[in-house]
Amino acid sequence: MDVAAALYLHEANLDPRDPFWPERDRIFWSAGHKAPILYVSLGMAGFFNVEEMVTLRKLYSPFQGHPHWLKLKGVESSSGSLGQGLSVSVGDALAARLDNKNYRVYCLMGDGEQQEGQIWEAAMEACHYRLDNLCGIIDKNRLQIDGCTDDVMCIDPLAEKYRAFGWDVIEIDGHNMEEILGAFKEAKETKGKPSLIIAHTTKGKGVDFMEDVCGWHGKAPTIEQMKDGLKQLGLDTKLPVEKLLQKATAYQEKITRELEAKQPKFSRDYFWNAQEDMKVELVPTRMGFGNALAEHGDDPRVVCLGADISDSITISQFYKEHPQRTERWLSMGIAEQSGTCVAAGLAKEGKLPVFGTYGVFASGRNLDQLRTTVCYGNFNVMIAGAHGGVSVGPDGATHQALEELFQMCGLPNMNVEVPCDAVETHRATEYLLFNVVGPKYIRFAREATPVVTNDSTPYKWGEANVIRLRRAQEKFIDAFEHCLASQYKNEDEDISIVACGPSVPEAMRAAWILKTEYNLETRVLNVHTVKPLDEKAIARAARDCGVVITAEEHQIGGLGNLAAAAIGRSAEVCGTPVIMGMIGVQDRFGESGSPWELVKEFEVSAEHIAAKAKSLHELKSSKG
Ligand SMILES: Cc1ncc(C[n+]2csc(CCOP(=O)(O)OP(=O)(O)O)c2C)c(N)n1
């Protein structure tokens, strides 16, 4: 914070009245998760009224969980996937040179972020091109998410490494204003090479319960903790806390009204647990993954690899209560590309490696490594993509995995599993680990997902389940029957919904809406295995029902296009008219917001599925 204050309020040449002034200095936040500091800095520098920041991480806010330069003036580039900002800064500094401009380029990075290989590619480039208009800044607070940087993946000796890469390195106390300003001056005067300021800092400085404590990453304090913290910082009398809280509440009420006004309407509220009957339990889907690893981790072949969000995705349950397994727990740091190939190396020697991180990074950051090393080599590597869908909520677009099915299903040899709840995630994890030999990707979803299956629900890898609503019950789970698709006898339903992941519970809720509101019968297909896909079950549903809707918390078509192709090439469907619709995210990036707000905003809720089903059914009826 002190370095950012010095940069925005003193050092950098900026004009808040003209945010895109061509001569301004450029400041890139490679560590996009530090967005709140960026926003406060811009606010204090006059880019906007800093009180507007009360909408931080809320739906439609310009203050997204990670900075988006198209939403907020003063932000130079969108970031959130670590390790990319120094390369953007190199490009910008090169552009300045090509255009004979005198502005300077600053890049703020984390110390854990130094574990990303791309940082070192950019470090080499900056030296190669002698970019003395570039100044990198590392917030060396020695902490990251999984623990101390030294333990997660040691980055030291950092100064020597950058010096060896040809940089001028200045080490300072990052809370000492004189040293900070002195470092900026020295960097400006350095010629012929880029400069790096290593700012030694203490995370949470000045607040006793936060100082140097790892668990405060990305976590909001309670109101009491906030007030205590403000007091300790001497800010309690300077900030209009109550007024700001009221402003935040008013904003939330306004967007809730706007969002609700856009939702399809029915005679009553069918949302989860809104009625006296059809109650569900909501359990984080990721728990099924962690519990399965805890249960089966004694097998000496199982090796788990973490990428610095291990508690969050529950992969750490593999060793947390089992100290004897720690030698088979490999912390890779924030290094998804290398981690993927390390897993391949382990698999080559007969291990059962499981590598997990958020889905965006587990399927995108390492796509070429997955393609060339894991899939082309056909290695027995399990990749876990957590927080698939819009479920990461307030973190926003950069952390919301919405494209993995395109990427993963397109890879030859890859197996893809998308379980629908915590119970199915547990069973799928077990099955993949020991029974599917080859590259395998499991996508699990939203934090708290309705539990709609139990241990006696049929689960057969590669085969879909048919789910039928029988009658509303006290418990939602008891209102439905599940059956392996191959054993299901056609009941000539009006509509079929083909779904995977958290869209399965939504499809089931849609079936309830359709039956109660319109007396329509729905066949829900749970296609937990997306590759290999149960094409037969999908084609049969199309032939029997004549209306098929696909439902996915993913860019539209990930599952939908595969289902459409299955129907299109099925001899069984040939000659039968079929109307098809698709529910999914409609070719747009995610947003900050709460998970359920986003399910509604991105039109992937049961209400949207039911409304679409009704309209397609009417269309079918109108055509006779
Ligand atoms: C490519 C990528 N992998 C994982 C994450 C998730 N993540 C966000 S912040 C963070 C830790 C960053 O640590 P550090 O750079 O030391 O920052 P600081 O602790 O100072 O906040 C991780 C792993 C991410 N944003 N991007």
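Which residues in α17 meet which residues in α21? Glu506, Ala507, Arg509, Ala510, Ile513, Leu514 and Tyr518 in α17 meet Ala606, Ile609, Ala610, Ala613 and Lys614 in α21. Here, contact requires C-beta atoms, placed from the backbone, within 7 Å. By class, this contact has nine nonpolar, no polar and three charged residues. Ala, Val, Leu, Ile, Met, Phe, Trp, Tyr, Cys and Pro count as nonpolar; Asp, Glu, Lys and Arg count as charged; the others, Gly among them, count as polar.

## Basis of the model

This is a predicted model: local features need pLDDT of at least 70, side-chain atom pairs count only at pLDDT 80 or more, and totals for chains, interfaces and linings use all residues. Residues are numbered from 1 along each chain as its sequence is written.

## Helix α17 against α21

Helix α21 spans residues 606-622, and its axis comes within 8 Å of the α17 axis. The two cross at roughly 50 degrees. Axes are lines fitted to C-alpha atoms, for helices over the stretch in contact, and angles run from 0 to 180 degrees between N-to-C directions. The angle makes α17 oblique to α21. Angles under 35 degrees count as roughly parallel, over 145 as roughly antiparallel, 65 to 115 as roughly perpendicular, and the rest as oblique.

The crossing of α17 and α21 is right-handed. That term applies if the near helix is turned clockwise from the far one by less than a right angle; anticlockwise is left-handed. Helices (H or I, at least four residues) and strands (E, at least two) are DSSP runs, numbered from the N terminus.

## The largest core

The largest nonpolar core has 167 residues. Such a core is a set of buried Ala, Val, Leu, Ile, Met, Phe, Trp, Tyr and Cys residues joined through C-beta atoms within 7 Å. Ile497 and Leu525 have the most contacts inside the core. Helix α17 (residues 503-518) gives the most to this core, with eight residues.

Helices α1 (residues 2-11) and α2 (residues 35-44) pack at about 30 degrees, with axes 9 Å apart. That makes α1 roughly parallel to α2. Their crossing is right-handed. Ala4, Ala5, Tyr8 and Leu9 in α1 meet Ile37, Ser41, Leu42 and Met44 in α2. Seven of these contact residues are nonpolar, one is polar and none is charged.

The axes of α12 (residues 336-348) and α14 (residues 367-375) come within 10 Å and cross at roughly 10 degrees. Gln337, Thr340, Cys341 and Ala344 in α12 meet Gln369, Leu370, Thr373 and Val374 in α14. This contact has four nonpolar, four polar and no charged residues.

## Backbone exceptions

Most residues other than glycine have a negative phi, and most peptide bonds are trans. A cis bond joins Asp156 and Pro157, with omega about 0 degrees. Pro157 lies in the loop between α5 and α6. Another cis bond joins Lys531 and Pro532. Pro532 is in the loop between β18 and α18.

Asn273 has a positive phi, near 65 degrees. Asn273 counts as exposed, with 12 C-beta neighbours inside 10 Å. Glu603, in the loop between α20 and α21, has phi near 60 degrees. Glu603 is partly exposed, with 19 other C-beta atoms within 10 Å. A residue is buried at 20 or more such neighbours within 10 Å, exposed at 12 or fewer, and partly exposed in between; C-beta atoms are placed from the backbone.

Conventions:
Contact = placed C-beta atoms within 7 Å.
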